[in-house]
Each structure stands twice: as C-alpha cells, then as structure tokens.
Amino acid sequence: MFEQLTMAPPDPILGLTEAFKKDPNPHKINLGVGVYKDEKGDTPILKSVAQARQRILAGETTKNYLAIDGSPEYSRAVQELLFGPGHPLQSSGRAVAVQAPGGTGALRVAADFLHQHFPGARVWISEPTWANHAQIFRLAGIQVQTYPYFDTHTNGLGLEAMCQALDSAPAGDVVLLHGCCHNPTGVDPEPEQWRRLAELVAARRLLPLVDFAYQGLGRGLREDAEGLLSLCATAPELLVASSFSKNFGLYNERAGALTLVAPAAEAALQALSHLKICIRANYSNPPAHGAAIITAVLQDTQLRREWEGEVQAMRQRIAQMRSLFVETLRQKGVKRDFSFIERQRGMFSFSGLNKEQVEALRQRHAIYIVGGGRINVAGMTRQNMEALCSAIAQVL
Ligand code: LMR
C-alpha cells in the first residue's frame with residue numbers, strides 16, 4: 001500500500017526550519033517560523049516560566065492522567081486571561097474551556113466538533129491566512145471558503161471587501177478571525193472595525209472562531225482582547241482557540257485551550273460533553289506540564305507581574321526591530337516604501353516580497369522567510385539587521 005504514495009510537499013513553515021537546519025552557511029538567518037528571539041538571537045525560557053517550573057517540579061508527586069478536558073484551574077486561568085477578571089461570561093457558566101495540545105490542537109478539536117455536530121457548516125478563512133488553517137479544517141472534513149482580508153494597495157485591512165464576502169455567508173457558517181497580530185499580515189482591525197465585524201457576524205448568525213495565538217504581542221494583554229470582547233458583546237455563541245507558545249515561550253510544551261461560549265450555562269455544559277468525546281477519540285487527554293506552568297504563573301501575583309513584564313519586553317523589542325528594519329532598508333538605498341511595516345503588529349510582517357525574491361534570498365543569502373513574503377520580525381536582531389537589509393536591497 002505504501003509504495004503507491006508519492007512524496008508530500010514539505011510544510012510551508014516547519015519544512016523551512018528543516019531546510020534551515022541543513023543549510024551549512026554559517027551566516028544563515030531564519031525568519032520563517034514564528035518563534036521569538038532575544039537580542040542575542042536565542043529563544044530563552046522566560047524567567048517567570050523557569051520559576052514556576054521549579055515550583056512544579058519540587059511539588060510534583062504523580063504523572064497520573066489529567067481529566068479529558070484538562071485541569072479546571074487552567075481552564076479558569078485561561079478564561080480570565082481572555083475575558084478579563086470577573087467577566088460575566090465566566091461567572092455565569094456560559095463559557096467553558098478545555099486544555100489542548102497547543103493552538104493547533106485546539107483548532108483540530110474545534111474542527112472535529114463542528115464537523116460532527118454541524119456537518120453543513122463551512123469555515124471561512126482570511127485570504128491570506130496561516131498556512132496550516134485550511135489543512136486543519138479540510139482534513140477534518142470541513143469545506144473551506146475564503147474572504148478577502150489584505151489590501152495590497154494600502155498594505156492594510158480591506159474591510160469593505162471582507163464585509164461584502166462575509167455578508168454572503170449563510171447562517172451557521174463559521175468565520176475564523178485572528179484575535180490579534182494577524183498571521184501572516186500583521187494587520188488587525190481597529191476597535192471600531194472590530195465592532196462593525198461583530199455586528200455583521202451577529203446579524204448574519206455566523207459562528208465566530210477566534211484564533212488567539214499572540215495575546216500580548218500586539219498592543220498589550222488586555223488591548224489585544226478587545227476584538228474578542230466586541231464579538232462576545234454581540235454573538236451569543238463563539239469558539240476561541242488559544243495558544244501559549246509565543247506569549248509564554250512554551251513552544252514545545254504544546255500548551256493551548258479551546259474555549260466555547262454558549263447562550264446559557266446548560267448549553268455550554270452539553271457542548272463540553274461533546275468536546276470531551278472529540279478529545280478522547282483524538283489524543284485522550286492533554287499533556288500536563290506546559291499548562292501547569294501557565295496556571296502557576298497566572299495564579300501567583302509576583303510571577304504574573306514578572307510574566308507581564310516579559311511579554312511587554314518582547315512586544316517592545318519587536319516594535320524596535322520594525323523601526324530599525326524600515327530605517328536600515330532606507331539607509332541601504334531601497335526606494336520602495338516599507339513604512340507600513342511599522343504599522344503592522346505582532347511577530348509577522350507581510351513584506352510584499354514576491355516568490356522569486358523570497359527564493360533568491362534563500363538561494364543566494366541563506367535567508368529563510370515564508371513563501372508568501374511573511375517575515376518573522378521577532379527573529380531580527382541588531383546583529384543580523386545589516387546583512388538582512390543588504391540582501392533584501394540586492395534582491396529588490
Ligand atoms: C507560525 O506561523 O510560524 C507559527 O504559528 C508556528 C507554526 O506552527 O506554524
């Protein structure tokens with residue numbers, strides 16, 4: 001049977017890391033995968049995370065299974081981070097959250113749940129979007145539609161075209177929205193644009209599914225949740241896939257969550273019982289360690305303060321790199337206006353570099369960026385900036 005199979009294409013993001021690792025060039029630069037690097041080019045364990053880990057390891061007495069939906073303390077901590085302290089969605093029981101192996105695991109649980117219980121529902125994803133989105137839903141058996149998102153003329157949000165497309169979606173379809181730091185464009189709706197989208201989604205009776213993988217890396221932990229809260233104010237039901245890979249630096253611990261909001265507490269519990277079946281049939285129950293660290297950090301006043309400072313430092317360093325990148329390109333004599341990169345938020349910039357230029361950067365300069373021209377700004381440092389901008393100036 002297996003001899004009939006041909007080679008599958010490499011993953012557009014993680015496949016790039018594999019190619020990068022094999023590249024013998026000592027000056028190679030990886031701006032592909034969305035991983036934060038500090039000024040030295042390292043991806044360190046956050047100090048708050050290291051302290052929480054120490055406490056957990058000192059107090060750990062068992063490696064027994066977690067519940068199918070994970071730890072209840074984690075579920076509470078996740079909801080508080082999403083909605084803010086004392087939010088009625090949490091106190092009323094209208095929201096439930098299950099622990100999941102990363103944001104991808106949460107999306108897959110959502111996809112299985114939707115496919116099983118709402119088989120006619122299609123998922124609308126932005127054009128462009130994270131390279132894995134379409135694959136996750138298609139392999140779960142869901143039909144995928146796209147809505148326009150990025151306006152190449154303004155390098156900003158094409159809100160009118162987006163709203164027009166979503167206006168044609170039938171009730172019961174699912175709209176995947178990026179909570180903040182849109183991947184790959186770095187372009188987010190402004191607060192009043194979020195309100196307009198929230199009204200449209202509610203009026204068309206669409207189900208929002210918010211992919212929330214960069215909370216804190218855009219404008220701030222609470223500010224980045226404003227779009228989600230606008231949706232919560234209008235939509236009676238929604239789903240949120242959270243990832244803590246980036247804002248806790250817990251990439252390989254696979255810490256994420258799927259939060260479901262229902263019109264009433266009873267409906268939320270009924271939906272939860274079905275989510276648990278999807279989980280049990282998929283990976284049985286979640287990995288414990290990353291989520292235990294997140295719970296410990298969020299529940300402890302001192303660790304939480306330290307973590308919030310670390311998230312702020314990551315956010316500020318990325319913003320500095322955006323400015324330095326634009327300035328260094330200017331110094332290298334690049335005529336094209338790249339100032340829009342300073343307005344984009346989060347780890348990524350949609351550079352406007354085309355396929356040939358991306359390929360030339362890789363072949364001639366050992367600089368790895370994702371095919372569509374997405375650059376991981378969080379991988380830029382003062383050390384690699386000169387070489388990066390000289391190479392871009394050359395391929396332009
Ligand atoms: C990315 O977009 O680079 C990250 O979300 C990592 C991944 O899994 O693709």
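Me: At what angle do helix α12 (residues 301-331) and α15 pack?
Reply: The model examined here is predicted. In this model, the axes of helix α12 and α15 are 9 Å apart. The angle at which the two helices pack is about 40°.

Me: Are α12 and α15 roughly parallel or oblique to each other?
Reply: Angles under 35 degrees count as roughly parallel, and 65 to 115 as roughly perpendicular. The packing angle of α12 and α15 is about 40°. The pair is therefore oblique.

Me: Which residues of α15 make the contact with α12?
Reply: The crossing of α12 and α15 is right-handed. On the α12 side, the contact is made by Gln-320, Met-321, Leu-324, Phe-325, Thr-328 and Leu-329. By class, the contact has eight nonpolar, two polar and two charged residues. The residues of α15 that take part are Arg-382, Met-385, Glu-386, Leu-388, Cys-389 and Ile-392.

Me: How is α14 placed relative to α15, oblique or roughly antiparallel?
Reply: Helix α14 (residues 355-365) and helix α15 (residues 382-395) have axes 10 Å apart and pack at an angle of about 125°. An angle counts as roughly antiparallel over 145 degrees, and as roughly perpendicular from 65 to 115. The angle between α14 and α15 therefore makes α14 oblique.

Me: How many residues in the contact of α14 with α15 are nonpolar?
Reply: The crossing of α14 and α15 is right-handed. From α14, the contact uses Gln-357, Ala-360, Leu-361, Arg-364 and His-365, and from α15 it uses Ala-391, Ile-392, Gln-394 and Val-395. Three of these residues are polar and one is charged, while the number of nonpolar residues is five.

Me: Are α11 and α12 roughly perpendicular or oblique to each other?
Reply: Helix α11 (residues 289-299) packs with α12 at an angle of about 100°, and their axes are 5 Å apart. Angles of 65 to 115 degrees count as roughly perpendicular. The arrangement of α11 and α12 is therefore roughly perpendicular.

Me: Is Thr-185 buried or exposed?
Reply: Thr-185 lies in the loop between β7 (174-178) and α8 (191-203). A residue counts as buried under 20% relative accessible area. Because the value for Thr-185 is 0%, this residue is buried.

Me: The backbone nitrogen of which residue does the side chain of Thr-185 reach?
Reply: Not counting residues up to four places away in sequence, Thr-185 touches several residues, including Pro-128, Tyr-149 and Phe-350. The side chain of Thr-185 also reaches a backbone nitrogen at 3.1 Å. That nitrogen belongs to Val-187.

Me: What is omega for the cis peptide bond from Asn-183 to Pro-184?
Reply: Pro-184 is placed in the loop between β7 and α8. Pro-128, in the loop between β3 and α6 (133-139), is joined to Glu-127 by a cis peptide bond with omega of about 5°. For the cis bond from Asn-183 to Pro-184, omega is near 20°.

Me: Is Cys-181 buried or exposed?
Reply: Cys-181 is found in the loop between β7 and α8. Its phi is near 50°, a positive value in a residue other than glycine. With a relative accessible area of 1%, Cys-181 is buried.

Me: What is the phi of Asn-155?
Reply: Asn-155 lies in the loop between β5 (150-151) and β6 (156-157). This residue is partly exposed, with a relative accessible area of 22%. Although Asn-155 is not a glycine, its phi is positive, at about 55°.

Me: Which residues are in contact with His-274, leaving aside its neighbours within four places in sequence?
Reply: His-274 lies in helix α10 (residues 265-282). At 33% relative accessibility, His-274 counts as partly exposed. Its contacts beyond those neighbours are Phe-113 and His-117.

Me: How far apart in space are Pro-119 and Ile-142, C-alpha to C-alpha?
Reply: Pro-119 is in the loop between α5 (102-117) and β3 (123-127). The relative accessible area of Pro-119 is 58%, so this residue is exposed. Pro-119 and Ile-142 are 23 residues apart in sequence, and their C-alpha separation is 7.6 Å.

How values were computed: Residues numbered from 1 in each chain as written. Predicted model: local features only at pLDDT ≥ 70, side-chain atom pairs only at ≥ 80, totals over all residues. Heavy atoms only, no water. Helix = DSSP H or I, 4+ residues; strand = E, 2+ residues; numbered from the N terminus. Buried < 20%, exposed > 50% of the residue type's maximum accessible area, 1.4 Å probe, protein only. Axes fitted to C-alpha atoms, helices over the stretch in contact; angles between N-to-C directions. Left-handed = near helix turned anticlockwise from the far one by under 90°. Contact = heavy atoms within 4.5 Å. Nonpolar A, V, L, I, M, F, W, Y, C, P; charged D, E, K, R; others polar. Polar contact = N/O pair within 3.5 Å; in protein donor to acceptor, adjacent residues only side chain to side chain.
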